[in-house]
Amino acid sequence: MPVPTALDALPRPPCAETLGWEVVEARPADGWIRIRFEGRPEFTNPAGFIQGGFLAAMLDDTMGPAMFVYSEGRLFTPTIEMHVSFLAPARPGPLYGEGQVVQAGKSIAFLEGKLMDLSGTVIARATASARLVPSEKALAA
């Protein structure tokens, strides 16, 4: 059972529903989170592997929540830039993302993430820079 986090107070957005997003574990004080995703057959390319855009979306939806729980829900993180390295093909099925806050300043956060399959094989890694926006301002829209 995951620890309570600031994410518990938010409704799940449609993108999270699409990706099968679920918090598995979190250490808010460390800026770390583990998310489960469902790599659906609908996400596959002609070779039968999950298309890279879906994997990038999973990584983005892992790193941002790491900062959100770290800030106890006070800061929302629109991504400024993200670099993804695809390391292995991903087949449909459960995938696990781990997000980590590397550094958080006054207006920018630096984040890292990795996406793994059930065997622990790292499928993709990412780094991102994100703006830090007060949640009440970002989520009011």
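Of the 141 residues of this protein, 39% count as buried, where buried means under 20% relative accessible area, exposed over 50%, and partly exposed in between (1.4 Å probe, protein chains only). Keep in mind that this is a predicted model: local features need pLDDT of at least 70, side-chain atom pairs count only at pLDDT 80 or more, and totals for chains, interfaces and linings use all residues. Residues are numbered from 1 along each chain as its sequence is written, and side-chain values use heavy atoms, with hydrogens and water left out.

**The overall picture**

The protein has three helices and eight strands; helices (H or I, at least four residues) and strands (E, at least two) are DSSP runs, numbered from the N terminus. Walk along the sequence and the pattern reads α-β-β-α-β-β-β-β-β-β-α. The radius of gyration is 14 Å, close to the 14 Å that the globule rule gives for 141 residues, so the protein is as compact as a globular protein of that length. Here the radius is taken over C-alpha atoms, and the rule is 2.2 Å times the number of residues to the power 0.38. Along its principal axes the C-alpha trace spans about 45 × 30 × 30 Å.

The accessible surface comes to about 7,500 Å², and 56% of it belongs to carbon and sulfur atoms. Those areas come from the Shrake-Rupley method with a 1.4 Å probe; for residues, only the protein chains shown count as cover. As for contacts (heavy atoms within 4.5 Å), take the ones with a separation of 6 or more: residues 24 or more positions apart account for 61% of them.

**The sheet**

Six strands make an open sheet in the order β1-β2-β5-β6-β7-β4, with antiparallel pairing. Its edge strands are β1 (22-27) and β4 (79-86), each of which pairs on one side only. From one strand to the next, the twist averages 20 degrees.

| Strand pair | Bridges | A bridged residue pair |
|---|---|---|
| β2 (32-39) and β5 (93-104) | eight, antiparallel | Gly39 and Gly93 |
| β5 and β6 | eight, antiparallel | Val101 and Leu111 |

Two hairpins turn up along the way. One joins β5 to β6 through three residues. The other is formed by β6 and β7 with five residues between them, and Gly120 in that turn has a positive phi of about 95 degrees.

**The helix on the sheet, and the core**

Helix α2 (residues 52-70) packs on the sheet, touching β2, β4, β5, β6 (108-116) and β7, and its direction makes about 45 degrees with that of β5. For that angle, axes are lines fitted to C-alpha atoms, for helices over the stretch in contact, and angles run from 0 to 180 degrees between N-to-C directions.

The largest nonpolar core has 33 residues, and those with the most contacts inside it are Ile33, Leu55, Met58 and Leu95. A core here is a set of buried Ala, Val, Leu, Ile, Met, Phe, Trp, Tyr and Cys residues joined through side-chain atoms within 4.5 Å. At least two residues of this core come from each of α1 (14-19), β1, β2, α2, β5, β6 and β7. Helix α2 supplies the largest share, nine residues.

Start with Thr62, which sits in helix α2. Thr62 is buried, with a relative accessible area of 0%. Not counting residues up to four places away in sequence, Thr62 touches Ile33, Ile35, Phe37, Gly97, Glu98 and Gly99.

Next comes Ser129, in strand β7 (residues 122-131). With 11% relative accessibility, Ser129 counts as buried.

Finally, Glu22 is found in strand β1. Its relative accessibility is 41%, so Glu22 counts as partly exposed. Setting aside residues up to four places away in sequence, Glu22 touches Arg34, Ile35 and Arg36. Glu22 and Tyr96 are 74 residues apart in sequence, and 9.5 Å apart in space, C-alpha to C-alpha.

Technical notes
Pairing = 2+ DSSP bridges.
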